[in-house]
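Here's a quick briefing to read alongside the model. Have the sequence and the 3D view open as you go.

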Amino acid sequence: MIRLWNPFSAIRHLFIIFSRSNPFIILSVFMLTGLGLLGVFTTGRHLADTPYHFFYRQLSYALVGVCFMCLMSMFDYSRFRFKTYWPYIGTIILLMAVLVWGRNNSWLQLPFFSIQPSEIGKLILICYISYMMAFHRMEKMTFWADSVPILFTCALLIIPTALQPDFGTALIMSIITVYMLLAGDMPFKHLAVPAMCALPFIIAVPLFHPYVMRRFANLLVCLNPMANPSQLSFHDYHMRMAMGHGGLLGTGFGKGLVKRSFLPASHTDSIFTVLVEEGGYLTGILIIVLFLALLWIGETTARSAKD
């Protein structure tokens, strides 16, 4: 029995858990976290009045995440199986609140802080699909009795996110939904039919939302960033310039130049570019390999689970 109030019991239990865990998934998580902290450290010094403001903030987030990971590892995940509905309903309420009272598109301002419910929706979506797949024999599912209710409940999270509009997050949530359901052996035709029905609405979205049309235009321009480097492809052009400047081995950490004035949100959205410029192509390849390792280990672990 775990005694959380007893630190020695909790630490002993953590050692037992980690000794039985896949060492590669733990190594990948900590390496990616460390690289992210390194990128924020070398970038944030040029963006805030306090040189290490962004680094200390990111470090605090990382420590909270590690503590939460250790805490959750002490519990059997099946104990949370019947506790998915309320977080799911709460997330839908938050997403609806953004549509009514939200500011800056996807953010909801609360009395003492602001939150982005769509980010919570990603986690809840994963938990909810896992919950549904645990109770359905996916290979024996029927379309109307099983697949349609699951897809409908997923759409209740994705559609409000798209209406904010936060189409990037909605697209990621859609990919998560399709990937998890296919990994759970839902018949492909059960996904193909709703996808074909939703296709006209997806095509029509850019016509009614200029923001989406601009994003599509930016995507097309990125295929040839040299065509218009001063306007639409400004960010993509300078990201490529930064990575090219780094070369194979990089300029050295803290010695990147493009991050100082040309990269958008260099401590967040462009952090990969900063790491490649200063750490070289080898660092970029390492980051991609670590993410692919997480994906592969996560899928093999899920497929080998008992439920």
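Buried means under 20% relative accessible area, exposed over 50%, and partly exposed in between, using a 1.4 Å probe and protein chains only. H190 counts as buried because its relative accessibility is 6%. This is a predicted model, so local features need pLDDT of at least 70 and side-chain atom pairs count only at pLDDT 80 or more, while totals for chains, interfaces and linings use all residues. Residues are numbered from 1 along each chain as its sequence is written, and side-chain values use heavy atoms, with hydrogens and water left out.

**Around H190**
- You'll find H190 in helix 8, residues 188-208; helices are DSSP runs of H or I with at least four residues, strands are E runs of at least two, and both are numbered from the N terminus.
- Contact means heavy atoms within 4.5 Å, and H190 has M141, T142, F143, S147 and L151 as contacts once neighbours within four places in sequence are set aside.

**Overall fold**
- The protein chain has 11 helices and 2 strands, running α-α-α-α-β-β-α-α-α-α-α-α-α along the sequence.
- Of its 307 residues, 33% are buried.

**Cores**
- A nonpolar core is a set of buried Ala, Val, Leu, Ile, Met, Phe, Trp, Tyr and Cys residues joined through side-chain atoms within 4.5 Å.
- The largest one has 26 residues, and those with the most contacts inside it include Y88, L125 and L157.
- Helix 5 gives the most to this core, with 7 residues.
- Another core lies apart from it, with 5 residues, among them L35, L275, I287 and L290.
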